[in-house]
Amino acid sequence: MLPNAIEGKDVLFLAQNLPENPLRYAWYKGERVDSTRQIASYRLDTQSNATGPAYSGRETIYPNGSLLFQKVTLSDTGNYTLRAIKTNLQTEEVTGQLRVYLELPKPNITSNNSNPVEHKDPVVFTCEPEIQDTTYLWLINSRSVQNSPTLELSKDNRTLTLLRVTRSDIGPYECESRNPVSASRSDPLYLNVSSGKSSPGSFLWNLAGIVIGVLVGVVLAAALGCFLFLRRTRRVSGLHEPREHQPPASTPGHGPSSNSISQAPLPGPTTVVPIYEELLNPNTDIYCRIVPKADMAY
């Protein structure tokens, strides 16, 4: 029985239970002895070897009848026959099969929808890449997957379908690829399953955020308006600040004339008058009215 092999590796076809008094060994590609498909032979009495039409340059035959096959390829898969000729010219033959496989790369999972809506969207997982003579296995939460009312596997097991997604189906999901010479497992994949509608709690939080934002804006606008109003009020109040007017000293013997100086009432300090209006229509009431004094007799 020949061993299974990984593509690109060396394989030794080991000859066992050989007959006594062997004279010659020969290897053939195929299930029968065919001189047109001879790979190599070794003659013990002369300790010499020879190659045949099926020799590829990668085979080496040894005196014990074993054959070394270097850097096997997928095309080397098939049957091989060893023929032993004894010194009495009797022959014995044995056939074995060599199977060459790829060394499997690390698989990865692809999904048609990584953000499904609960109870609405189906999800299809695919184990990549697709490789001939490979077995695929699926695991959910590190447990092997079988067909069920909510899970469906393809015939080759390379595709897994979730028919009805629920919150409990977030994963992790893993796929494993295997052949007789190697095995490899993917990284875990998780689903983000949503309910498809906003919860009352999230709605209230969003509403509270909007209300708080509006209130903060109103407070800031009111504070800015108050600041500008007070600043303008102080500037205008400075322009209208009344000055003290001292009445002229009375002449001895004469009291102040009742019509010598007449003062108009001044506006209160809280009166707000825009500057441009003051310049266009000056308020003369804020100045003293001066009336000429009557001539006095000497």
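Ile61 sits across from Leu67 of strand β7, and that pairing is a handy way into this predicted model. Strands here, like helices, are DSSP runs numbered from the N terminus (E, at least two residues, for strands; H or I, at least four, for helices). Local features need pLDDT of at least 70, side-chain atom pairs count only at pLDDT 80 or more, and totals for chains, interfaces and linings use all residues. Numbering starts from 1 along each chain as its sequence is written, and side-chain values use heavy atoms, with hydrogens and water left out.

**The sheet around β7**

- β6 and β7 (residues 67-69) run antiparallel and are joined by 3 bridges; for two strands to count as paired, DSSP has to find at least two bridges between them.
- Both belong to an open sheet of 3 strands, ordered β2-β7-β6 and paired antiparallel.
- From one strand to the next, the twist averages 20 degrees; axes are lines fitted to C-alpha atoms (for helices, over the stretch in contact), with angles from 0 to 180 degrees between N-to-C directions.
- As background, side chains in a regular strand alternate between the two faces of the sheet.

**A nonpolar surface patch**

- Leu12, Leu14 and Tyr62 make up a nonpolar patch on the surface, and together they have about 270 Å² of accessible area.
- Patch members need over 30% relative accessible area and no salt bridge, with nonpolar side chains (Val, Leu, Ile, Met, Phe, Trp, Tyr) joined within 5 Å and like charges within 9 Å.
- The areas come from the Shrake-Rupley method with a 1.4 Å probe, and for residues only the protein chains shown count as cover.
- Leu14 belongs to the loop between β2 (11-13) and β3 (22-29).
- Its relative accessible area of 47% makes Leu14 partly exposed; buried means under 20%, exposed over 50%, and partly exposed is in between (1.4 Å probe, protein chains only).

- In the loop between β9 and β10 (108-111) you'll find Pro105, which is partly exposed at 38% relative accessibility.
- Pro105 and Ser184 are 79 residues apart in sequence, yet their C-alpha atoms are 6.8 Å apart in space.

**The disulfide**

- Searching the whole structure turns up 1 disulfide, defined as a pair of cysteine sulfur atoms within 2.5 Å.
- Cys127 and Cys175 are the partners, with an S to S distance of 2.2 Å.
- The link of Cys127 and Cys175 is right-handed, with 65 degrees about the S-S bond.
- Cys127 is in β11 (residues 123-128) and Cys175 in β16 (residues 173-179), so the pair ties together parts that are 48 residues apart in sequence.
- Cys127 is buried at 0% relative accessible area, and Cys175 is buried with 0% as well.

**Salt bridges**

- There are 10 salt bridges in the structure, each being a side-chain nitrogen of Lys or Arg within 4 Å of a carboxyl oxygen of Asp or Glu.
- In general, side chains of opposite charge can pair when their charged atoms come close.
- One of the bridges joins Asp76 to Arg58, with the closest N and O atoms 2.9 Å apart.
- Asp76 lies in the loop between β7 and β8 (78-86) and Arg58 in the loop between β5 (48-51) and β6, so this pair links parts 18 residues apart in sequence.
- Asp76 is buried at 3% relative accessibility, whereas Arg58 is partly exposed at 22%.
- Glu176 forms a salt bridge with Arg178, where the closest N and O atoms are 2.4 Å apart, and another with Arg185 at 3.0 Å, N to O.
- Glu176 is buried at 8% relative accessibility, while Arg178 is partly exposed at 39% and Arg185 is partly exposed at 36%.
- Glu128, Glu130 and Arg158 are tied into a network of salt bridges.
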